[in-house]
Amino acid sequence: MKKIKFYAVALLAMSYGCSDEFVADTKTDGLSDETVFSSESTAVASVTGIYDAFQGEFGGQAGLPNEYNTKSIFTLNKFTQDFIGNGNQDELTSFIINANDEVMGKMWPIHYNGIGRANSVLANLQPAIDEGNIGEELGSRLIGESLVLRAFFYYYLSSTMGAVPLITKPTGPSDDFFAPRNTQDNIFRQIVIDMTDAVNRLPWSYDEERGRVSKGTAYAMLGNAHMWLREYEEAVAAFEALEGNFSLEENFFDIHALFNKNGKESLFELQFDTESDLSWNRNDETTFLTSFTMPNEIGGGGFGGLPTEAFFNSFEDGDLRRIASVIGPGEEHPDENIDISSYERGSNSQLETPLNTAGTEIEPWTNGGRTGYFGIKQWRDPAPTGWGGPRIFGGSNHIWLRYGEVLLSLAEAAHKSGDDTKAMNAIMRVRNRAWGGSAPAPTGSMMDIIFDEYRHELGGEFSLWPVLRRTGDVSGYLSRKFGITTTEEGAILPIPRNQVDINPRLLEPAVDLGI
């Protein structure tokens with residue numbers, strides 16, 4: 001199977017190549033919408049450029065922040081309270097978030113950059129189809145892809161920051177560059193409109209190009225948007241549309257395996273290159289998240305992504321998701337390709353004799369503010385030697401949406417629409433996989449059960465915090481589980497201060513567009 005390469009080279013971060021090899025055309029003089037959308041190859045490249053905006057690691061467009069996936073999207077896990085950072089934790093427990101925080105500061109410009117790319121592509125694809133430059137079938141598919149990608153950018157913006165400006169067309173010279181915020185419901189209503197369109201344009205799968213969004217991705221995003229709008233019966237219908245076209249991995253541990261990129265459970269994941277190193281010619285197809293999550297004793301440094309002891313202890317006996325999510329002092333890495341004893345020990349190592357464990361129970365690895373517990377989902381590539389080593393980059397993809405999450409979302413939607421039998425059936429499909437066969441039935445209130453399943457199925461992934469906020473009771477969850485007092489509004493992250501400085505209208509009440 002060929003895997004799509006996301007490689008930006010020209011206008012709109014255009015890229016060439018949708019197979020194992022790509023050809024980069026670095027000549028950009030005279031490029032215009034007319035030339036970009038004058039052929040199918042360049043039109044495909046322009047859509048691939050939207051995907052490229054998600055990587056945001058190194059290089060890329062001038063003026064955009066680096067380390068977007070590691071220090072923005074991934075570190076949303078800190079707000080779940082099951083993961084902490086290296087520094088002061090007061091923000092995470094008080095939810096009085098500094099508007100200069102890296103999470104929002106990196107997310108806002110990267111996401112609006114991607115939205116801008118999508119808007120430009122969407123404005124030009126249909127005219128190119130009408131003029132005969134692009135075939136109807138391919139052009140329609142590219143429109144569907146662009147709608148889904150724009151929806152992802154808006155989903156993460158609004159699920160974390162609430163009311164944000166809704167911009168669906170390219171900005172021209174006569175437009176107001178100081179857009180006001182629009183309501184959170186406006187954002188998700190637009191996603192419903194776009195995904196209803198996209199599901200009719202996209203295929204269920206691709207013969208050659210792996211990594212592109214599909215009809216299943218659009219249905220899952222449609223269901224998510226309906227959930228935010230509290231339209232639970234519509235959400236159930238959208239989630240159930242995936243049945244028969246996507247399925248769970250038999251083994252939970254295989255979901256994040258390096259060999260299993262774009263597996264049968266995956267609905268959307270960011271593509272990264274397994275062949276990467278620390279060089280000045282590096283591209284933005286690399287990520288150092290593996291190095292960030294490794295122990296300081298063998299990695300030489302790190303940032304965030306630190307599981308807590310409480311998270312480690314929260315799993316039920318027999319739940320195989322625990323060892324596939326987090327290891328503690330004295331435990332071996334469960335991936336047979338990773339031997340902890342083979343890593344070169346740094347000067348801060350606490351073990352004189354290399355052991356194939358993450359420290360010991362007597363001497364846990366806690367240097368550099370670490371907890372002694374280490375996330376496994378992002379540490380599956382054995383090649384990186386750590387932040388202080390000669391190879392800091394890894395090639396594991398970042399999974400943003402998968403079928404296990406969809407089933408739990410189906411359970412929540414079914415429960416909230418009054419069908420607890422359907423809800424429990426969906427939950428047990430996820431739990432049975434987690435136990436490697438037959439799981440015990442959970443007890444307690446249905447929403448508490450669903451919260452626990454979200455926590456243990458998605459802990460340490462990229463989608464847990466938005467899912468928790470989407471329930472409408474994240475404040476209650478934080479209170480019950482962690483004794484943290486906040487409100488639903490208090491859990492909304494602030495708009496970056498530098499954006500407010502540029503556009504003071506962002507402080508005004510959100511404008512309802514009536515959609």
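The model is predicted, so local features need pLDDT of at least 70 and side-chain atom pairs count only at pLDDT 80 or more, while totals for chains, interfaces and linings use all residues. Residues are numbered from 1 along each chain as its sequence is written, and side-chain values use heavy atoms, with hydrogens and water left out.

**Nonpolar cores**

- A nonpolar core here is a set of buried Ala, Val, Leu, Ile, Met, Phe, Trp, Tyr and Cys residues joined through side-chain atoms within 4.5 Å; buried means under 20% relative accessible area, exposed over 50%, and partly exposed in between (1.4 Å probe, protein chains only).
- The largest nonpolar core has 116 residues, and Met-195, Phe-268 and Trp-400 touch the most other members.
- Skipping neighbours within four places in sequence, Met-195 is in contact (heavy atoms within 4.5 Å) with Leu-147, Val-148, Ala-151, Ala-218, Met-221 and Leu-222.
- Another core, of 16 residues, lies apart from that one and includes Met-294, Ala-324, Ile-340 and Phe-374.

- Helices (H or I, at least four residues) and strands (E, at least two) are DSSP runs, numbered from the N terminus.
- Strand β4 covers residues 266-270, and five of its five residues are buried.
- β4 pairs with β8 (residues 398-402) in the antiparallel sense over four bridges; to count as a pair, two strands need at least two DSSP bridges between them.
- Leu-270 has His-398 in β8 as its bridge partner.

**Helix α2**

- α2 runs over residues 40-52, and its 13 residues should span 18 Å at 1.5 Å a residue, which agrees with end C-alpha atoms 18 Å apart. The expected span is 1.5 Å times one less than the number of residues.
- Eleven of the 13 residues are buried, so α2 is largely enclosed by the rest of the structure.
- Among the buried residues of α2 are Val-44, Val-47, Ile-50 and Tyr-51, along with Thr-42, Ser-46 and Asp-52.

**Ser-291**

- Ser-291 sits in helix α10 (residues 289-293) and is buried, with a relative accessible area of 0%.
- Its side chain reaches the backbone oxygen of Ile-392 at 2.6 Å.
- Beyond neighbours within four places in sequence, Ser-291 is in contact with residues including Gly-301, Pro-384, Trp-387 and Arg-391.

**Positive phi**

- Glu-67, in the loop between α2 and α3 (68-73), has a positive phi near 60° without being glycine; Glu-67 is buried at 18% relative accessible area.
- Gln-81, in the loop between α3 and β2 (83-84), is another non-glycine residue with positive phi, near 80°; Gln-81 is buried at 12%.

Technical notes. Polar contact = N/O pair within 3.5 Å; in protein donor to acceptor, adjacent residues only side chain to side chain.
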